[in-house]
Amino acid sequence: MDGDRELSSMVQELWDNDVNRLTPGVDYSISLQGKAGQNMAVHDDNDAAGYPLFTFVDENIFKKETFLAFISLLDNYESDTGEPEIVTAEEEAENHKFLDSIVQTATMKIAHKYLVEKNLSPADEREFKAQLYTIWFELYARRGSSRPDSSGFEHVFVGETRGGRTVIGFHNWIQLYLQEKLGHIDYKGYSVTANSPLPDADKHILALQFSWKNGIKPKGSIFIGVSPEFEFALYTLCFLTSPNERVKVQFGLYDVEIVCHHHNQKHIGTTYPVLLKYQ
């Protein structure tokens, strides 16, 4: 329990220092509409949302350095698992540029300092970036594939498809917004269980259902409006500090379970937030 309390304290610090976080109702607004149905077909009559999720986003935020570097990575991947990834020299340079930009942010500096104190990360910034590269960008073979076809970054932030019918990963609001704007996303409605609170358009965590690239994401959970550096810092912290695949943290108004699956202990398999309650 002490570990969870200590991690909660660190996550609260990350939250307090996420200066690039958007304000709901000011910098963006979403339309929750109805509760998603149980029919998992891509094209069904149970679509509880006739309109897009995002009704407005102030895109000036995307001009900020970390957002700009993050968005440049989103078109670097082949979404279907089983298709090997080919990383070009240009794409590798974009990966490094993104890491260069986020390690300069307050959230990543806080996370780095803590990880060094715990002997989980090297103090040298260049070595720390190499560690981050391995965790997030080094390719590996996902289940059912014999060739390197995935990475932690692709799975969590970009999204993948399996067999052309199922969307896996895809836990990032920026990618969701940009793909929805292009007409590639059909938001089906919010998801809620008996144990989870009803969603709130002014809160920063949402469980939802959507279709993408002819596949369905029956239930996903994402932060909305947070910066790339906050998610990157949070998930890296959870990956390196917790051998458990689920860790409960409290910060701001939220009680959250961070799911973080390891792949071969070196890479992130998947990671995302599950909202337990609003305080």
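Which residues of α3 are buried?

Tutor: Two remarks on the source come before the answer. This is a predicted model, in which local features need pLDDT of at least 70 and side-chain atom pairs count only at pLDDT 80 or more, while totals for chains, interfaces and linings use all residues. Residues are numbered from 1 along each chain as its sequence is written, and side-chain values use heavy atoms, with hydrogens and water left out.

In α3, the buried residues are Glu91, Glu94, Asn95, Phe98, Leu99, Ser101 and Ile102; buried means under 20% relative accessible area and exposed over 50%, with partly exposed in between, for a 1.4 Å probe and protein chains only. They lie on the same side of α3, because they cover an arc of only 165° around the axis, the arc being that of the directions from the helix axis to the C-beta atoms. On the other side of α3, Ala89, Glu90 and Lys97 are exposed. The helix itself, residues 89–102, has 14 residues and reaches 20 Å from its first C-alpha to its last, close to the 20 Å expected at 1.5 Å a residue; that expected span is 1.5 Å times one less than the number of residues. Helices (H or I, at least four residues) and strands (E, at least two) are DSSP runs, numbered from the N terminus.

The cover over the buried residues of α3 includes α2 (65–71), α4 (106–117), α5 (125–136), α6 (152–158) and α8 (228–241), where contact means heavy atoms within 4.5 Å. Of these, α4 has 12 residues and reaches 17 Å from its first C-alpha to its last, close to the 16 Å expected at 1.5 Å a residue. The buried residues of α4 are Thr107, Met108, Ile110, Ala111, His112, Tyr114 and Leu115. Just after α4 comes Asn119, with a positive phi of about 60°, in the loop between α4 and α5. Most residues other than glycine have a negative phi. Asn119 is exposed, with a relative accessible area of 71%.

Leaving aside neighbours within four places in sequence, Trp136 is in contact with Ser151, Gly152, Phe153, Val156, Phe157, Phe232, Tyr235, Thr236, Ile268 and Thr271. In soluble globular proteins, nonpolar side chains tend to be buried together.

Helix α8 lies across β8, β9 and β10, running at about 65° to β9; axes here are lines fitted to C-alpha atoms, for helices over the stretch in contact, and angles run from 0 to 180 degrees between N-to-C directions. These three strands form an open sheet in the order β8-β9-β10, with antiparallel pairing, and two strands pair if DSSP finds at least two bridges between them. Strands β8 (246–251) and β10 (267–278) stand at the edges with a single partner strand each, so one side of each is left without a neighbour in the sheet. From one strand to the next, the twist averages 25°.

Within the sheet, β8 and β9 pair over six bridges, and the partner of Phe251 in β9 is Tyr254. Phe251 belongs to the covered face of β8, together with Val247 and Val249, whereas Arg246, Lys248 and Gln250 form the uncovered one. The hairpin of β8 and β9 has two residues between the strands, and Gly252 there takes a positive phi near 55°. Strand β9 (residues 254–263) is joined to β10 by 10 bridges, with Ile258 partnered by Pro273.

To place this region in the whole, the chain has eight helices and 10 strands, and 55% of its 279 residues count as buried. Among contacts with a separation of 6 or more, 65% are between residues 24 or more positions apart.
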